[in-house]
Each structure stands twice: as C-alpha cells, then as structure tokens.
Amino acid sequence: MTITADLPVSPAQRRSAELERQLAGDPGCFRVLTGDRPTGALHLGHYFGTLHNRVRLQDLGVDVFVLIADYQVLTDRDVAERLTEHVEGLLLDYLAIGIDPARATVFNHSAVPALNQLMLPFLSLVSVAELGRNPTVKDEIAHSRQAAVSGLMYTYPVHQAADILFCKGNLVPVGQDQLPHLEITRTVARRFNERYGAVFPEPDALLSAAPLLLGTDATKMSKSRGNAIALGADADETARLIKGATTDAERHITYEPERRPGVSSLVLLAALCLDRDPSELAEEIGNGGASGLKRTVTDAVNTRMAPIRARRAEYARDMEYVREVLRAGNERANAVAEATLREVREAMGMFR
C-alpha cells in the first residue's frame with residue numbers, strides 16, 4: 001500500500017530515494033544499525049513503523065545489526081525496571097516478526113564494552129553547546145521521567161554515534177524527527193576522520209515512509225501511555241483495546257487524518273494490515289459507523305498478527321534458544337567492536 005501527497009520533497013527524502021535504488025541494486029554494500037530501548041512491549045506502531053522494514057532489509061541481503069539499547073533505558077528514568085523481562089520480550093518479538101539470527105546480529109549495549117568505550121574519544125569531538133541545541137534531546141528532556149536530568153541524557157546522541165559507528169554502519173533507518181541525532185553521528189565521523197585519518201563512514205539516513213499510527217486514545221502511540229496494542233497481545237485483548245478506541249460522533253466513516261484523527265488512525269491501521277488504500281477502505285465501511293469500523297479493524301489486525309503470535313508463542317516455549325540468539329549476537333558484536341576500537345586507538349596513537 002502506498003500513500004502519496006503533493007508535498008515538497010526535501011534533500012533528505014531525495015537522498016533516501018536514491019539509497020532505495022542502490023539497495024535494490026547492491027544491498028551487500030550496506031550495513032544497517034537499528035534497535036530499540038527495552039522499556040516495555042513493542043506494539044503495532046513499532047511493527048508498521050520500523051520492524052517490518054528491518055525484515056525487508058535483511059531479506060534484501062543487507063547486513064543488519066539490531067541493538068537492544070539497555071544502557072539507554074537510563075537516559076530518561078532513574079532505574080531500569082524489569083530489564084530482563086523487557087529484553088526477552090524484544091527478542092521474542094524480533095524472532096516472531098522474522099528477524100533471522102543467521103542473517104542479522106541482535107545484541108545489547110551492556111554486553112559490548114568496546115562499543116561503549118568509543119564514547120570517550122567521540123565526546124571530545126562535539127561541544128556541550130552542540131549537544132544542548134539538539135532538538136531531540138530538548139524534547140526528551142522536556143518529557144523526562146527524572147526529577148533532574150542526568151548527564152547521560154546530554155551524551156545520548158554521542159552514545160548513538162558509538163552504536164552506529166562501532167560496526168561502521170553506513171545506513172540508518174530513521175524518522176524525520178531523528179535526523180538531528182544522525183547528524184551528530186555524521187559530525188563525529190567526519191571530525192574523527194579529519195583529525196586522525198579515515199576510519200568511519202558518514203552514515204546516511206533511510207527515511208521511513210511509514211505513516212503515523214495514533215494510540216487507541218487518538219494521541220501519540222506509546223508504551224508508557226497504555227494506548228498501544230502490543231505485538232504479544234492475544235486476539236481477545238486486541239478486540240477489547242480496539243473496542244475502547246476513541247472515535248467521534250459522526251456515523252459516516254471517512255479518512256481525514258487532520259479533521260478526524262481517531263477514526264482515521266483506525267482506518268489506517270486496518271488498511272496497513274490489509275494492504276489497502278485507507279481512503280478506499282473508509283469509503284467501503286461508509287455508514288457502518290464506529291462499530292463497523294472497529295469490527296473491520298479487529299478482524300484485520302487479528303488476521304495479520306495471527307502467524308506472528310503463533311511464532312512468538314512457539315519461541316517462548318524454548319527460552320534457552322532465545323537467550324542463545326542474544327549470546328551469539330553479542331559474541332559477533334564484541335568481535336566487531338573490539339576490531340573497531342583497536343583501529344581507533346591506532347589512529348589516535350594510543351599506547352598499547
């Protein structure tokens with residue numbers, strides 16, 4: 001399904017389109033770094049926004065590194081609660097959606113010391129003012145759960161630079177709002193290369209074309225707001241959550257995201273699950289009203305998610321295998337990180 005609009009095309013969008021053409025022709029020349037913080041269950045917004053794209057890139061033949069960013073849980077909270085549970089939940093979701101540990105590397109921050117050590121030289125390449133001006137950091141500080149913002153929040157973009165550059169990632173799938181973070185990574189790579197010699201690529205942004213899904217309360221879908229449908233939710237829970245979703249008083253169903261955000265987000269969710277155009281689907285539901293819309297959404301979601309749920313349940317019966325996936329991924333990530341750190345030390349003339 002494609003959704004088009006007559007909007008100006010930005011340089012980042014033009015570059016992303018060119019990268020898609022290169023991916024189709026030579027996927028093996030790319031290495032992607034992507035990932036999630038283990039702060040709760042992944043949901044349908046994650047699935048349609050990023051997760052299915054990781055599988056697409058993997059299946060194209062791109063070398064995909066998937067980071068479970070456990071250290072970054074602490075950027076906006078005082079403690080990392082239920083960390084093991086959340087990490088294992090991410091692993092189950094990754095495997096269920098089709099991430100193949102034979103073709104992708106799944107690893108976590110705290111198991112790869114050399115990656116985190118790269119932060120020290122990288123921090124010397126950016127100023128405090130540059131970090132403070134980062135709009136994403138500003139937004140995260142404004143919504144922080146901490147009584148006082150920790151130093152880790154300011155270093156967050158540099159930690160992300162270490163995430164990407166430790167494996168010499170040259171392609172990073174992002175949303176438009178994450179471009180400032182990636183620009184810090186590009187700045188770090190460029191300045192390191194200028195100061196010490198060519199070591200790192202300047203990674204490109206692969207912009208997500210995924211439309212925005214709202215939560216069941218018609219606000220931003222979020223793990224912490226209780227307005228999301230988790231990938232691990234069963235059919236009954238999914239039906240219950242959709243039944244309680246916010247709509248409006250108009251009976252006739254239309255797809256008008258600006259005027260009718262709640263209704264339109266539900267239409268979009270069904271359209272994504274059915275691979276349909278949302279405007280055509282809304283017209284088809286027509287005078288079925290909110291109840292007809294919610295029946296359509298429930299059926300679409302449960303049909304689309306059924307095989308994913310079945311695979312997730314199957315993997316959950318063998319958690320030792322699931323943990324072994326992470327151990328093997330950490331082993332590979334450590335080897336890559338240690339090789340990069342050695343190269344960095346040699347370029348900087350560090351005593352060994």
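The model is predicted: local features need pLDDT of at least 70, side-chain atom pairs count only at pLDDT 80 or more, and totals for chains, interfaces and linings use all residues. Residues are numbered from 1 along each chain as its sequence is written, and side-chain values use heavy atoms, with hydrogens and water left out.

First, the helices, which are DSSP runs of H or I with at least four residues, numbered from the N terminus. Helix 10, residues 235–243, packs on helix 13, residues 289–316, at an angle of about 150°, and their axes are 10 Å apart. Axes here are lines fitted to C-alpha atoms over the stretch in contact, and angles run from 0 to 180 degrees between N-to-C directions. The two helices are therefore roughly antiparallel, a term for angles over 145 degrees.

Who makes the contact, meaning heavy atoms within 4.5 Å? Helix 10 supplies A235, T238, A239, I242 and K243, and helix 13 supplies K294, V297, T298, V301, N302 and R309. These residues divide into 5 nonpolar, 3 polar and 3 charged. Nonpolar covers Ala, Val, Leu, Ile, Met, Phe, Trp, Tyr, Cys and Pro; charged covers Asp, Glu, Lys and Arg; the others, Gly among them, are polar.

On a 1 Å grid over the protein atoms alone, a cavity is a set of points where a 1.4 Å probe fits but cannot get out, while a pocket is an open set with protein on both sides within 12 Å along at least five of seven lines; lining residues have an atom within 4 Å of a point.

The structure has 1 cavity of 30 Å³ or more. The largest cavity holds about 120 Å³, a volume being the space filled by probe spheres set on the points, which are joined across faces, edges and corners. Its lining has 14 residues, with L214, G215, T216, L266 and L269 nearest the centre. Helix 11, residues 261–274, gives the most to that lining, 4 residues. The lining of the largest cavity divides into 9 nonpolar, 5 polar and no charged.

Notes: Angles under 35 degrees count as roughly parallel, over 145 as roughly antiparallel, 65 to 115 as roughly perpendicular and the rest as oblique. Contact means heavy atoms within 4.5 Å.
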